[in-house]
Amino acid sequence: MKNTTWHFINSGKCSPSFNMALDEALLEWHSKGEIGPVLRFYEWEPATLSIGYFQSVTKEIEMEVVERLGLGFVRRPTGGRGVLHEHELTYSVIVREDYPDMPESVTEAYRVISGGVLDGFKNLGLDAYFAIPNDTNEAADLKKPKTAVCFDTPSWYELVVEGKKVAGSAQTRQKGVILQHGAILLSLDEEKLISLFKFSSEEQRQRMRVSLPEKAVAIDRLANRDIPIKECIEAFSKGFESALNIKLVPYELSVEQLQYVNEIEQRKYANDTWTFKK
């Protein structure tokens, strides 16, 4: 890819509905040519369970637990499974499908975009690599995940360190634009995460309780220290710059743009009709 200037937005802590509305607005503005490609970092206030576009709330989510724990709850515009956004840095990339050297294949586009996350982990001194199935059985597992929990199984080209998943990503393509966003785990409360999902039996829940720590790991355990958000933002922004050969330039939303984001938020992501439609 050629060296191109991208917009950089660090939103900080935002409500779950605002986070999703802003991602959608950025996609729309980019599709119309009103803004260039975007890398955005953000956090969640309150801590939030987000579910994928196709997930069923009634079949998969323990809403009583979500409410008892005071968590936010939102349905993403992207696919994938449930993610607890608590101790993490979330990223989103908004870029046209016809961006120079961007592969047409969804999985290969994942590989290109996630290269920024890969380089970010390396900037933190961690030996990260892409998850690629070794045989047909592993490939089948990637296509048909066994549970509603995002970090249960690595997906194609998601980031793995020491055999364990460290970042989960999801992607949608609309209006000629790719939106890929993902969670970079700074710390992980496995028991809280498991409590948010329904299982077919207590035996299955217990199997998840035992297996999840072997499948998913957060940065603090890998680095043997707590890594501040500021350090992560620096490491991963430089990672995206090097992997995509881009220059990040800070971008500030106008008052009118913020008003439009709020309109999307109220109409869609803060609306139960959208959130509980499945």
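Predicted model: local features only at pLDDT ≥ 70, side-chain atom pairs only at ≥ 80, totals over all residues.
User: Happy to start with the overall picture. How many helices and strands does the protein chain have?

Analyst: The secondary structure comes to eleven helices and eleven strands. Of the 278 residues in the protein chain, 56% are buried. Contacts tell you about the fold too: among those with a separation of 6 or more, 78% join residues 24 or more positions apart.

User: How many disulfides does the structure have?

Analyst: The general idea first: a disulfide is a covalent bond between the sulfur atoms of two cysteines. In this model, a search of the whole structure finds zero. As for individual cysteines, Cys 14 has a relative accessible area of 12% and is therefore buried, since buried means under 20%. Cys 232 is buried as well, at 0% relative accessibility.

User: Next, helix packing. At what angle do the axes of α4 and α9 cross?

Analyst: Helix α4 covers residues 106-123 and helix α9 residues 229-244; their axes come within 7 Å and cross at roughly 130°. Because that angle lies between 115 and 145, the two helices count as oblique to each other. The crossing of α4 past α9 is right-handed. On the α4 side, the contact residues include Val 112, Ile 113 and Phe 121, while α9 contributes, among others, Phe 236, Phe 240 and Leu 244. By type, the residues of this contact divide into nine nonpolar, six polar and two charged.

User: Now a single residue. Is Lys 13 buried or exposed?

Analyst: Lys 13 is exposed, with a relative accessible area of 57%. Lys 13 lies in strand β1, residues 4-14. Leaving aside residues up to four places away in sequence, Lys 13 touches Glu 43, Trp 44 and Glu 45. Take Glu 45: it is 32 residues from Lys 13 in sequence, yet the two C-alpha atoms are 5.5 Å apart in space.

User: What kind of peptide bond joins Glu 45 and Pro 46?

Analyst: A cis peptide bond, with omega about 5°. Pro 46 sits in the loop between β2 (38-44) and β3 (48-51).

User: And backbone phi: what is its value at Lys 175?

Analyst: Phi of Lys 175 is near 55°, a positive value in a residue other than glycine. You will find Lys 175 in the loop between β9 (164-174) and β10 (177-185), and it is exposed, with a relative accessible area of 55%. Asn 245 also has a positive phi, near 55°. Asn 245 belongs to the loop between α9 and β11 (246-250) and is partly exposed at 31% relative accessible area.

Notes:
Residues numbered from 1 in each chain as written. Heavy atoms only, no water. Disulfide = S-S within 2.5 Å. Buried < 20%, exposed > 50% of the residue type's maximum accessible area, 1.4 Å probe, protein only. Axes fitted to C-alpha atoms, helices over the stretch in contact; angles between N-to-C directions. Helix = DSSP H or I, 4+ residues; strand = E, 2+ residues; numbered from the N terminus. Parallel < 35°, antiparallel > 145°, perpendicular 65-115°, else oblique. Left-handed = near helix turned anticlockwise from the far one by under 90°. Contact = heavy atoms within 4.5 Å. Nonpolar A, V, L, I, M, F, W, Y, C, P; charged D, E, K, R; others polar.
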